[in-house]
Amino acid sequence: MRWLTLIVLLMPGLSLAGEARPLADDPVAEARLKHLAVELRCLVCQNQTLADSNAPLAEDLRREVRDMIARNMSDQEIIDFLVSRYGDFVLYRPPLKATTSLLWLGPFVLVVAGGVALVTALRRRSQKVAAVTMTEEEHRRVEQLLSQGVKRS
Amino acid sequence: MNRFFLPLTIFGIMVGFLAVGLTLNPREIPSPLVGKAAPQFSLPQLHDQDKVFSPEEMKGQVWLLNFWASWCSGCKTEHPVLMDLAKSGEVSIYGMDYKDQKDEALTWLKRWGNPYPIVAVDAAGRVGIDYGVYGVPETYVIDKQGVIRYKQIGPLDDETVAKKIIPLVKELQAK
């Protein structure tokens, strides 16, 4: 009985969920906001975009972006506005700069280094296997030995 | 020996990277505003709604701008440090009541003490966005020309005040 109560209490249907508020009356502006907000990082919960986050700051920033869209600012102007205040950190796609070169080039460097390591390892291994010419007699002996091995197992 | 040298080196480098990574605080995002002019604003004062406060009035002085709120627990932690700093008379700290209820802010200051000569009210958080605030408390050191010289993210503690804030303020005041 106690378990039943617990299950009933934990049923998600019983908790009340607030309806999402309609964002704006203008669908074009809302589409632009969505398009921008997925490119921007919420600074409070750093692994969420501005579009996903429910943090108060994210709400405020969405409001600012919405205002800027209403003022007819371009995407670049809006992004510049945020970068000038919060730095490149707000961008999910960091720009290619001297400070971010390791971030951008690092994976390629690793791929090249891995490729070089692989090729040298394979070359070294193939050198170890010396080419041998065998006589007819030897061939027969190898086959015999192999077939014996199969029988034994 | 030779066989293990390369994997061990790579392992060592990775450990080095991870060790450095562990000591970094991802919450501390370097502010692009350091070295730039403090954004202007003109906001009503908490204790006297009819009066406004603007950074313009502070030209010629080195001052601290501290974003806080009565709902913020870090601000409570930081508060005794601010009280001590205000009492020492080294530098004046101006408050910015960030996204807060007026009566709650006033009660908070009455209860714990008020280190600020003036508190401005940023009810909508707009000025906070101009300053790149993303979590209170945050504190800015602003020089005589109105340029931001330092940004403290999170609560100030005695050590930061003694080692960073006071030396910086003295250096800026001497200029």
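**A tour of a predicted two-chain model**

B:Glu138 sits in strand β6 of chain B, where helices (H or I, at least four residues) and strands (E, at least two) are DSSP runs, numbered from the N terminus. The structure is a predicted model, in which local features need pLDDT of at least 70 and side-chain atom pairs count only at pLDDT 80 or more, while totals for chains, interfaces and linings use all residues. Residues are numbered from 1 along each chain as its sequence is written, and chains are lettered from A and ligands numbered from 1 in the order in which they are written.

B:Glu138 counts as buried because 24 C-beta neighbours lie inside 10 Å. The term has simple cut-offs: a residue is buried if 20 or more other C-beta atoms lie within 10 Å of its own, exposed if 12 or fewer, and partly exposed in between, with C-beta atoms placed from the backbone. Leaving aside residues up to four places away in sequence, B:Glu138 touches B:Phe67, B:Val133, B:Lys151, B:Gln152 and B:Ile153; two residues are in contact if their C-beta atoms, placed from the backbone, lie within 7 Å. B:Trp68 is 70 residues away from B:Glu138 in sequence, yet the C-alpha atoms of the two are 7.2 Å apart in space.

From B:Lys151 to B:Leu24, 127 residues apart along the chain, the C-alpha separation is 17 Å.

Beyond residues up to four places away in sequence, B:Leu64 touches B:Val91, B:Ile93, B:Tyr94, B:Thr139, B:Tyr140 and B:Val141.

The backbone of chain B also has some details to look for. A cis peptide bond, with omega of about -5°, joins B:Val136 and B:Pro137. B:Pro137 is in the loop between α4 (126–130) and β6 (138–142) of chain B. Another loop, between β4 (92–98) and α3 (102–112) of chain B, holds B:Lys99. B:Lys99 is a residue other than glycine with a positive phi, near 45°. B:Lys99 is buried because 20 other C-beta atoms lie within 10 Å.

Chain A contains six helices and zero strands, and its pattern along the sequence reads α-α-α-α-α-α. Of its 153 residues, 12% count as buried. Among the contacts in chain A with a separation of 6 or more, 42% come from residues 24 or more positions apart.

Two of these helices, α2 (residues 27–37) and α3 (residues 56–70) of chain A, pack at an angle of about 130° with their axes 10 Å apart. Here, axes are lines fitted to C-alpha atoms, for helices over the stretch in contact, and angles run from 0 to 180 degrees between N-to-C directions. α2(A) and α3(A) are therefore oblique to each other, given that angles under 35 degrees count as roughly parallel, over 145 as roughly antiparallel, 65 to 115 as roughly perpendicular and the rest as oblique. To this contact α2(A) brings A:Ala29, A:Arg32, A:Leu33, A:Leu36 and A:Ala37, and α3(A) brings A:Arg62, A:Val65, A:Arg66, A:Ile69 and A:Ala70. By class, the contact has seven nonpolar, no polar and three charged residues; Ala, Val, Leu, Ile, Met, Phe, Trp, Tyr, Cys and Pro count as nonpolar, Asp, Glu, Lys and Arg as charged, and the others, Gly among them, as polar.

In the loop between α3 and α4 of chain A lies A:Asn72, which has a positive phi of about 65° although it is not a glycine. A:Asn72 counts as exposed because it has 7 C-beta neighbours inside 10 Å.

Finally, the two chains meet: 13 residues of chain A are in contact with 13 residues of chain B. On the side of chain A that touches chain B, α3 and α4 (75–86) each supply at least two residues. α3(A) gives the most to that side, with five residues.
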